[in-house]
Amino acid sequence: MCAKSTLHTHEITYESLLEGNKEWVAATLAEDPTFFDRLSAGQKPPVLWIGCSDSRVPANQITNTNPGDIFVHRNIANVVVHTDMNMLSVLDYAVNVLEVEHVIVCGHYGCGGVQAAMANSQFGIIDNWLRNIKDTYRLHNDELANIADEKTRFDRLVELNVIEGVFNLTKTSIVQNRWSNGKKLGIHGWVYSLQTGLITDLKVTSQSNDNISSVFRVHEKKES
Ligand code: CO
């Protein structure tokens with residue numbers, strides 16, 4: 001569906017974005033005259049994507065999917081924390097209204113947010129957001145402290161940030177209630193490589209309440 005034959009050969013300007021939109025509409029209609037008629041009728045994406053805001057990791061393009069295929073939530077360094085009303089709203093809507101069957105947390109190697117969280121510089125408001133990743137670092141300090149090579153340690157923290165994200169999703173009543181109701185829902189952790197364009201499945205998929213430690217388990221809500 002991508003109409004561009006070359007990438008980044010022209011300057012991006014405010015005007016070029018609007019021009020690009022017209023080109024995309026024309027190319028899309030040429031390929032599929034009913035495309036917008038179909039999509040405007042509604043969405044039923046089977047997947048929720050929680051990824052990094054990084055401009056180089058667009059969910060649809062790197063998975064070769066189209067508009068309508070993936071419900072997307074992105075923030076700096078794909079952090080999943082329970083106090084994030086934005087993430088919780090997206091998750092609740094995706095799981096309970098759209099009824100997605102998969103939630104994918106996708107990080108990426110070379111993530112500037114994760115790198116900043118490993119360092120001690122101040123960057124502004126974002127420091128407070130990235131502190132969540134410092135908590136992940138502290139939680140896995142024993143493993144990380146044993147990795148002498150900084151790049152390898154950085155890569156591992158990118159992975160651990162995704163794994164904690166998957167774990168944090170399973171702690172939510174949203175996910176646990178879905179599972180208690182016998183609905184199919186897989187929570188997955190992936191990492192994308194900017195170097196190769198390839199995605200690695202970290203194989204930390206959760207699909208039931210069985211492996212959630214008791215302190216994080218919520219009892220089924222009684223119907224009133
Ligand atoms: Co990033």
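This is a predicted model: local features need pLDDT of at least 70, side-chain atom pairs count only at pLDDT 80 or more; totals for chains, interfaces and linings use all residues.
**Exercise 1. Follow strand 1 and its partners.**
Find which strands are joined to strand 1, and by how many bridges.

*Solution.* 
Step 1. Take strand 2 (residues 70–75). Six bridges join strand 2 to strand 1, and the two run parallel. Within this pair, Trp49 stands opposite Val72.
Step 2. Take strand 3 (residues 102–108). Five bridges join strand 3 to strand 1, again in parallel. Here Ile50 stands opposite Val105.
Step 3. Check the cover. Strand 1 (residues 47–52) is mostly covered, with six of its six residues buried.
Step 4. Recall a general point about side chains. In a regular strand they alternate between the two faces of the sheet.

**Exercise 2. Step on to strand 4.**
Determine in which sense strand 3 and strand 4 pair, and which residue is the bridge partner of His102.

*Solution.* 
Step 1. Strand 4 covers residues 186–192. Strand 3 and strand 4 pair in the parallel sense, over seven bridges.
Step 2. Look at His102. Its bridge partner in strand 4 is Gly186.

**Exercise 3. Work out the metal site.**
Name the residues that coordinate the cobalt ion, and say what the pair Cys52 and His108 ties together.

*Solution.* 
Step 1. List the donors. Cys52 (SG), His108 (NE2) and Cys111 (SG) coordinate the cobalt ion, at 2.1 to 2.3 Å.
Step 2. Write the spacing. In sequence the donor residues follow C-x55-H-x2-C.
Step 3. Cys52 lies in strand 1 and His108 in strand 3, so the two tie together parts that are 56 residues apart in sequence.
Step 4. Cys52 and His108 are both buried.

**Exercise 4. Describe a pocket.**
Give the volume of the second largest pocket and the elements that give two or more residues to its lining.

*Solution.* 
Step 1. The volume of the second largest pocket is about 270 Å³.
Step 2. Its lining counts 15 residues, and Asn132, Asp135, Thr136, Glu164 and Asn168 lie nearest the centre.
Step 3. Helix 6 (126–139) and helix 8 (150–170) are the elements that give two or more residues to this lining.
Step 4. Sort by class. The lining has six nonpolar, six polar and three charged residues.

**Exercise 5. Buried or partly exposed?**
Classify Gln43 and Val162 by relative accessibility.

*Solution.* 
Step 1. Locate Gln43. Its place is in the loop between helix 2 (35–40) and strand 1.
Step 2. Apply the cut-offs. Buried means under 20%, exposed over 50%, and partly exposed in between. Gln43 has 40% relative accessibility, so Gln43 counts as partly exposed.
Step 3. Find a neighbour in space. Gln43 and Pro67 are 24 residues apart in sequence and 9.2 Å apart in space, C-alpha to C-alpha.
Step 4. Turn to Val162 in helix 8. Its relative accessible area is 0%, so Val162 is buried.
Step 5. Compare sequence with space once more. Val162 and Val191 are 29 residues apart in sequence, and their C-alpha atoms are 7.7 Å apart.

**Exercise 6. Look at two backbone angles.**
Give the phi values of Ala77 and Asn78, and say where the two residues are found.

*Solution.* 
Step 1. Start with the general rule. Most residues other than glycine have a negative phi.
Step 2. Take Ala77. Its phi is near 70 degrees, a positive value. Ala77 is found in the loop between strand 2 and helix 4 (85–97).
Step 3. Take Asn78. Its phi is also positive, at about 40 degrees, although Asn78 is not a glycine. Asn78 is found in the loop between strand 2 and helix 4.
Step 4. Ala77 is buried, with a relative accessible area of 0%. Asn78 has 1% relative accessibility, so Asn78 counts as buried.

**Exercise 7. Step back to the chain.**
State how many helices and strands the protein chain has, and what share of its residues count as buried.

*Solution.* 
Step 1. The protein chain has nine helices and five strands.
Step 2. From the N terminus on, the elements run α-α-β-α-β-α-β-α-α-α-α-α-β-β.
Step 3. The C-alpha trace spans about 55 × 50 × 30 Å along its principal axes.
Step 4. Of the 224 residues, 39% count as buried.

How values were computed
Residues are numbered from 1 along each chain as its sequence is written. Side-chain values use heavy atoms; hydrogens and water are left out. Buried means under 20% relative accessible area, exposed over 50%, partly exposed in between (1.4 Å probe, protein chains only). Helices (H or I, at least four residues) and strands (E, at least two) are DSSP runs, numbered from the N terminus. Two strands pair if DSSP finds at least two bridges between them. On a 1 Å grid over the protein atoms alone, a cavity is a set of points where a 1.4 Å probe fits but cannot get out, and a pocket is an open set with protein on both sides within 12 Å along at least five of seven lines; lining residues have an atom within 4 Å of a point. Grid points are joined across faces, edges and corners, and a volume is the space filled by probe spheres set on the points. Ala, Val, Leu, Ile, Met, Phe, Trp, Tyr, Cys and Pro count as nonpolar, Asp, Glu, Lys and Arg as charged, and the others, Gly among them, as polar. Donors are N, O and S atoms within 2.8 Å of the metal (3.2 Å for Na, K and Ca); water is not among the atoms, so sites may look incomplete.
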